[in-house]
Amino acid sequence: MTTMTYREAIRQGLREALHDDPRVFLMGEDVGRYGGAFACSRGLLEEFGPERIRDTPLSEDAFMGLGIGAALGGMRPIVEVMTVNFSLLSLDQVVNNAAILRHMSGGQFSVPLVVRMTTGGGRRVASQHSNSFEGWYAHIPGITVVAPATVHDARFMLQSALKEPDPVFIFEHIMLLPEQGAVDESLGPVDLRRAVVRRPGKEVTLITHGGSLGKCLTAARTLAEQGIEAEVIDLRCLRPLDMATILESVAKTHRAVIVDEAWRSGSHAAEISARIMEEGFYSLDAPVARVCSAEVPIPYAPQMEDAALPQPTDIVRTVQEMISSHG
Amino acid sequence: MNRDELKDIILSALIGVAPEADPATLRDNVPLRDQLDLDSMDFLNFIIAIHKRLGLEIAETDYPHFATLSSAISFLESKLSKS
Amino acid sequence: MAEFLMPKLGTDMQEGILVEWLKKPGDAVHRGDLIAEVETDKGTIQVECFTSGVLEQILVPEGSTVPVGTVLAIIKEEGAPPEAIRQPVVAAPAAGQTAAAKPLEAPPLAPTVKPSTVGQRALMSPAARKRARELGVDPESIHGTGRGGAISLEDVEKAAAAKAAVSTAPPATTTASVSEPAARMARIRQAIAAAMSRSKREIPHYYLSTSIDMHSALSWLAEKNAALPVPDRILYATLLIKAVALALRETPELNALWDGQQGVIAKDIHIGVAVSLRQGGLIAPAIHHVDRLSLEELMVKLRDLVQRTRTGALRASEMTDPTFTVTNLGEQGVESVYGIINPPQVAIVGFGSIVQRPWIVDGQIVPRPIITATLAADHRVSDGHRGGLFLRALDRWLQEPAKL
């Protein structure tokens, strides 16, 4: 068991992948000489050379397409996009090529592509760099969407993603990068598609992913002081959803709160809520609640950004309202 | 009144008591009570309907003539020709 | 001012659908008039009123589902002063939807109605509703502590624990707002399931059976019918029902209703006649005061009742007050019928087919038409001895058809 930051865990994962498989290469803006916009790939250019650590022009559409082509050609590309906001420029390549070439070719081609990008707000970088669009990606059939919320998952999800025959999108929350956490090298590869109960409880289920996991655990500790035991589920995988884990928990707690940094309307949180209603209606003892971001452009001013994003106090208040009404 | 007209009268009386009856599938020589779920109240209402339509008195002792469609037609035909 | 309430048309009924108003505001109504059609588990029932006056205001629009006891309309009694107009209990429902529950201020004059039941379905979480059904707890009896008075899972479990000692409630039937035939059939099936399960669970049945020679009765009836025009003819079932009513006069313990503690002897003899429905299922509505009807009157009522049962046009009182049931499966060729008592009644008699049997009459073996009558009775209320007296009296009456 070793301790490292989330950023170091990503770097370890990349290094291991590049080391183990000559087909693997990393491509993206500033991943080489600059060491990555968020320093995730620092030192890799020196270690593996410019053939395998490739700086690209500022053209997401182009290098996403290059990655898809390389994957079709037998390589195992890892494409890094600086933030989810910029990835929108490459959405055409994702939706119209990566996600559907297996289907369009009648199963003759597969696209074993891994795409990594940062997501989320809180870093005071304003409205164009702070969104959480992973739920949009989770709308697309044909790809797998994961969000490592722990340092251990940041270390090992890449390894599992590279084993997949179809595209995998890894969303790394920007605020997690400097977080310290434990990594147990002996645990080996992780199951990409299983949600994990990060804290057991019996009165309410908090369902979350990525950067909101820590906020949910903080809220759960506050609630525990008030005698309310919240179960916290880390989805890990947004597509496909591990409904079995969610439903099992809701069957026990009878209440669910979904915490998601994306906007509420038309969100992935709405999808989870609908699925609970469809598949677990008779478990519910209260309407499903959601804690999401305010439906405004994410503000620049610190106090306003904090107010716009879900905070532990919002989660605590939502749970209290849900439970305390039972006199 | 010919046999076809009599058959129509009998069928409409039957449908009055057993709305699920399908005239197209009823067989002429198979007992009606084997083809339709008729109890004695249904049967009485069936006889009453024919009585009202044709103005004929039908004695209880004549009820066995109404066992099948064809026997009922023959019975009514001879009864009408006598009256 | 009199309130016209959603009636309880059976022990298991929780709510009903107001299908159609047969009178409109301003119409004069008389005690006994049919003023509304209500759909229940057992079909569409026409409900009569018990007050004469003027139908002043309709509070529940057609198509609404409301709990038993809800004020459906206000009837201004003859000579009474006008009253302030009341707020409708239920808003007009959107097409195809059950009316939404609407909170209502406590009505100014509602001595017979609990405010909590007026015009609203209890707010209840899905988990609580499911649990209440499993535990057989009536949602109307639970105090909700959730938001807006909603009943939570915890409320249900507390309520169930509180009444565990006297858990005699029948399972709540699922309610439906649709009235297409399939749904009606499903509800009839469910009502039968609830009543029969309860009967077999709670009532210690005993069974007695006897063979009755129908020679006298049938010969007498054939002679009588020969003189009658077709529409006036009498079915032998009429004789059986009348003979049952007269035998019950002699054994009143069997013409009783179980009140939870004991059988209470009914002062009138209202015979429930089991009528099978063409689509399946059965209903046993009552013919009133059978012991006082002539055979001719009884036959007219029987024909009318069978027809209305099968077309779904029964009246409220016919559904609720049979004091004894007769079931006749002879049409299907069975020899004997061991009935299940329909609670809160305490007995039922079943008749099989009339079959020709060798019978000894005055020392000679002769063919005779024989029917098997089987009594099922509640041993909490009567004993085999009384049951035997009943069957003996039944036999005696059937040997003297002219006296029926």
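**A colleague's note on chain A**

1. Of the 327 residues of chain A, 58% count as buried, meaning under 20% relative accessible area with a 1.4 Å probe and protein chains only. Please keep in mind that this is a predicted model, in which local features need pLDDT of at least 70, side-chain atom pairs count only at pLDDT 80 or more, and totals for chains, interfaces and linings use all residues. Residues are numbered from 1 along each chain as its sequence is written, and side-chain values use heavy atoms, without hydrogens and water.

2. Chain A holds 13 helices and 14 strands, taken as DSSP runs (H or I, at least four residues, for helices; E, at least two, for strands) and numbered from the N terminus. Among its contacts (heavy atoms within 4.5 Å) with a separation of 6 or more, 82% link residues 24 or more positions apart.

3. Have a look at helices H9 (residues 213–225) and H13 (residues 312–324) of chain A: they pack at an angle of about 50 degrees, with axes 8 Å apart. Those axes are lines fitted to C-alpha atoms over the stretch in contact, with angles running from 0 to 180 degrees between N-to-C directions. On the H9(A) side, the contact includes Lys215(A), Ala219(A) and Leu223(A); on the H13(A) side, Ile315(A), Val316(A) and Val319(A) are among the residues involved.

4. Thr119(A) is worth a visit too: this residue lies in strand S5 (residues 114–119) of chain A and is buried, with a relative accessible area of 4%. Leaving out residues up to four places away in sequence, Thr119(A) touches several others, including Val84(A), Phe133(A), Phe171(A) and His173(A).

Definitions and conventions: Chains are lettered from A and ligands numbered from 1 in the order in which they are written. Buried means under 20% relative accessible area, exposed over 50%, partly exposed in between (1.4 Å probe, protein chains only).
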